[in-house]
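Welcome! Please take a moment to look over the model before reading on.

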Amino acid sequence: MTPTRRYAASRLAVTGAALAWFGCTAAAQPLQLPGAQPFSAPGTQYSPPASSAPAAPRPRTMPAIKIPGEESLLGKTVRRNGGAGEAVLEKTATGYGLKLRAEGFQAQNLVEPCAISFGDTAVPLTFLGKPAGLPRYKLEASVCPIVFDVLEGGFLVVEPAEPCVIEAAACRIDPRGVWGPDARTLAAHAKEIEAERGKAENAVREGYRALSAKAELPEQRSIAREQAAFSSERAQICRDFQSEGSHGFCGARITEGRAASIRARLGLPEPKPEATKPRPATAKRTAPPAAPPTQAIQ
């Protein structure tokens, strides 16, 4: 063999040995790509990497607010718009009843006053649940089947939609609106009422935000329109409540009612009742003006 051939054979042998060594090393240690986890001995355990995803946002809710109950109205005389007629909620053997005297005008002469008494004893009430977040009752009187929601210290009549005409007495009565304490006694509680309204308005704002956060876009627009219309609806209901500008009773109670309605729509539980604080004694009021003659209906 010539020297040239011997040199070439030697080169081939060295190259083959190098390739063999590289192949063994590659088999023992797989190729590691950039960014991959480092190789470890068999059986090594790893903890999963901590998640960097942000925590899910807490769902919106609304502050708790006292839901009016029958006890705030029980035994108290309330008047339509703070001035007309008289109504007293009483306990009965089967639940609650309402003693009611409603004032109105002669059906054929709308300037001549008249009044209707629904009897000396309380007329039975049927509980209709809380469809708007407030206790709702129906007065079982065929001549004028009134439906109302209980407010704090009063009630809001939601039916009938029109005045009732009592044919036997030719008297037209309109029970609609808010029935509450005599308006002349409310000015002394104006600051207290204002604070209650402030809490209720905050609850209503937060409640509408919570409703909107849960809704799809088309429903969000409807909720926004409802919220925008609430102020005018409240003003419409309270416009005839006597001396409303000096005490704000009607506006505060309607706002509390809307907050209760929103809580019901959100499916929130009713807050636990708070211990009632005794109200300060009211100043002695003057005698009310003479009421029209009252006719009793059976």
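This is a predicted model: local features need pLDDT of at least 70, side-chain atom pairs count only at pLDDT 80 or more; totals for chains, interfaces and linings use all residues.

Residues are numbered from 1 along each chain as its sequence is written, and side-chain values use heavy atoms, with hydrogens and water left out.

| Pair | Axes come within | Crossing angle |
|---|---|---|
| Helix 2 (residues 190-214) and helix 3 | 9 Å | roughly 160 degrees |
| Helix 3 (residues 217-238) and helix 5 (residues 249-266) | 9 Å | roughly 140 degrees |

Helix 2 and helix 3 are therefore roughly antiparallel to each other (a word for angles over 145 degrees). In helix 2, Arg197, Glu201, Arg205, Tyr208, Leu211 and Ser212 meet Gln220, Ile223, Glu226, Gln227 and Arg234 of helix 3 (contact means heavy atoms within 4.5 Å). This contact of helix 2 with helix 3 has three nonpolar, three polar and five charged residues.

Helix 3 passes helix 5 in a right-handed crossing. The residues of the contact of helix 3 with helix 5 divide into five nonpolar, two polar and five charged.

**A serine in a loop**

Where is Ser72 placed? Ser72 sits in the loop between helix 1 (3-28) and strand 1 (77-80). With a relative accessible area of 6%, Ser72 is buried (under 20%). A polar atom of the Ser72 side chain lies 3.1 Å from the backbone nitrogen of Gly153. Not counting residues up to four places away in sequence, Ser72 touches Leu151, Glu152 and Gly153.

Methods
Axes are lines fitted to C-alpha atoms, for helices over the stretch in contact, and angles run from 0 to 180 degrees between N-to-C directions. Helices (H or I, at least four residues) and strands (E, at least two) are DSSP runs, numbered from the N terminus. A crossing is left-handed if the near helix is turned anticlockwise from the far one by less than a right angle, and right-handed if clockwise. Ala, Val, Leu, Ile, Met, Phe, Trp, Tyr, Cys and Pro count as nonpolar, Asp, Glu, Lys and Arg as charged, and the others, Gly among them, as polar. Buried means under 20% relative accessible area, exposed over 50%, partly exposed in between (1.4 Å probe, protein chains only). A polar contact is a pair of N or O atoms within 3.5 Å; within protein, one must be able to donate a hydrogen and the other to accept it, and residues adjacent in sequence count only if both atoms are side-chain atoms. Angles under 35 degrees count as roughly parallel, over 145 as roughly antiparallel, 65 to 115 as roughly perpendicular and the rest as oblique.
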